[in-house]
Amino acid sequence: MEIIEAKYAGMCGGVKYTVTSANEILDNNPGKRVYCLGELVHNKTVVGNLEKKGLVVIEDINQVPDNNIVIFRAHGVTKDNYEIAKQKNLTVYDLTCKKVIDVHDKVEAKSDSFVIIIGSKTHAESIATLSFAGKNSLIIESEDDLEDTFKVIRDSGLKNVYIVAQTTYSSKKFDVLVEKIKEELEKDNIEVIIDKTICMATEIRQEEAENLSKQADYTIIIGGKNSSNTKKLYEIASKNCNKVQFIEDENELNIDELDSSVNKILVLAGASTPDESIIATKEKIMSM
Ligand code: SF4
């Protein structure tokens, strides 16, 4: 049995920075409660290890007692949280990935345009970006949203549309949606500016998944079940490879499925997956 090595599996630079910084903050504040607004990154193993060191994950900043420490997660928080943190005199460690902050800054500077964020409506990153974009903005997730969007834009009277993406969104889906938006709005002389803010770390992983999954007769995807970029890898691999297993970590691996018909196994991992999970999964496969 051969394992096909993916060059770009596992933690991206942004997640590594966030996790390393969170560890340092916990080490520098022994015995203190350090709160994190939402999951720091979308990986249970990583978050579980930090919780053992004292991290307390909360869903609402109002749960943090005044004068305490709070971390803002890798994929960002909504704008109002910065203001509430000030009012509560919290010490904020903003560990939002720099690439996500860059998107917040860009949409905030476009108050004269209608801003479209192409991404998942329920993903924390898109919701946070929307909060920086102001009132003339919305999130588009699929073609089903287009008709309503065109109406809202026309009603706004604005003649410029600025489009960005959730950094972990599907590159192909973004391109298809952007073409349709341009085609429709340019009929009304509305200028459409496209800023494809999908992160290279995500694009490279998606391209690799596309190419390598065609060569494999079994694909294993390791990553958080709530991780957007990991779910995209699963979608891509499922198109090209008949057998795909999506696991959170090595403990979930069902080795009974890797029978004698399997010769080439591809192991892919999302941008929040730690190296330990990838190594342990490969070891488990090789020990068969
Ligand atoms: S995928 Fe890109 S944007 Fe997202 S955390 Fe990693 S480096 Fe940052």
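This report describes the ligand site, several paired strands and a few individual residues of the structure shown above.

## The model and its ligand

The structure is a predicted model, and the description below should be read with that in mind. Within this model the ligand sits in the largest pocket. The residues around the ligand are Cys12, Gly14, Cys97 and Lys99, together with Thr167, Cys199 and Thr202.

## Strand 2 and its neighbours

Strand 2 covers residues 34-37, and both of its faces are covered. Val34 and Cys36 lie on one side while Tyr35 and Leu37 lie on the other, and all of these residues are buried. In a regular strand the side chains alternate between the two faces of the sheet.

Strand 2 pairs with strand 3 (residues 55-58) in the parallel sense, over four bridges, and within this pairing tyrosine 35 has valine 56 as its bridge partner in strand 3. The chain passes from strand 2 to strand 3 through helix 2 (residues 44-52), and this β-α-β crossover is right-handed. Strand 2 also pairs with strand 4, again in the parallel sense and over four bridges.

Leucine 37, which belongs to strand 2, stands opposite phenylalanine 72 in strand 4. Because its relative accessibility is 5%, leucine 37 counts as buried. The C-alpha atom of leucine 37 is separated by 22 Å from that of isoleucine 117, a residue 80 positions away along the chain.

## Strand 4 and the step to strand 5

Strand 4 (residues 69-72) sends Ile69 and Ile71 one way and Val70 and Phe72 the other way, and all of these residues are buried. Besides its pairing with strand 2, strand 4 is joined by four bridges to strand 5 (residues 91-94), and these two strands run parallel. One point of contact in this pairing is given by isoleucine 69, whose bridge partner in strand 5 is threonine 91.

## Two asparagines with positive phi

Asparagine 67 is placed in the loop between strand 3 and strand 4, and its phi is near 65°, a positive value in a residue other than glycine. Is asparagine 67 buried or exposed? With a relative accessibility of 53%, asparagine 67 counts as exposed, because the term applies to residues over 50%.

Asparagine 189 is found in the loop between helix 7 (171-185) and strand 9 (191-194). Although asparagine 189 is not a glycine, it has a positive phi of about 55°. Its relative accessibility is 67%, and asparagine 189 therefore counts as exposed.

## Strand 12 and the two strands beside it

Strand 12 (residues 264-269) is mostly covered, since five of its six residues are buried. Strand 12 pairs with strand 1 (residues 2-4) in the parallel sense, over three bridges, and it pairs with strand 10 (residues 218-222) in the parallel sense as well, over five bridges.

Which residue of strand 12 stands opposite isoleucine 4? That residue is leucine 266, and leucine 266 in strand 12 also has threonine 219 standing opposite it.

## A contact across the sequence

Methionine 286 is placed in helix 10, which covers residues 275-286. Its relative accessible area is 51%, so methionine 286 is exposed. Methionine 286 and glutamate 2 are 284 residues apart in sequence, whereas their C-alpha atoms are 8.8 Å apart in space.

Terms used
Residues are numbered from 1 along each chain as its sequence is written. This is a predicted model: local features need pLDDT of at least 70, side-chain atom pairs count only at pLDDT 80 or more; totals for chains, interfaces and linings use all residues. Side-chain values use heavy atoms; hydrogens and water are left out. A residue is near a molecule or strand if one of its heavy atoms lies within 4 Å of it. On a 1 Å grid over the protein atoms alone, a cavity is a set of points where a 1.4 Å probe fits but cannot get out, and a pocket is an open set with protein on both sides within 12 Å along at least five of seven lines; lining residues have an atom within 4 Å of a point. A molecule sits in a cavity or pocket if more than half of its atoms lie within 2 Å of its grid points. Buried means under 20% relative accessible area, exposed over 50%, partly exposed in between (1.4 Å probe, protein chains only). Two strands pair if DSSP finds at least two bridges between them. A crossover is right-handed if, with the strands pointing away from the viewer, the path from the first strand over the helix to the second runs clockwise.
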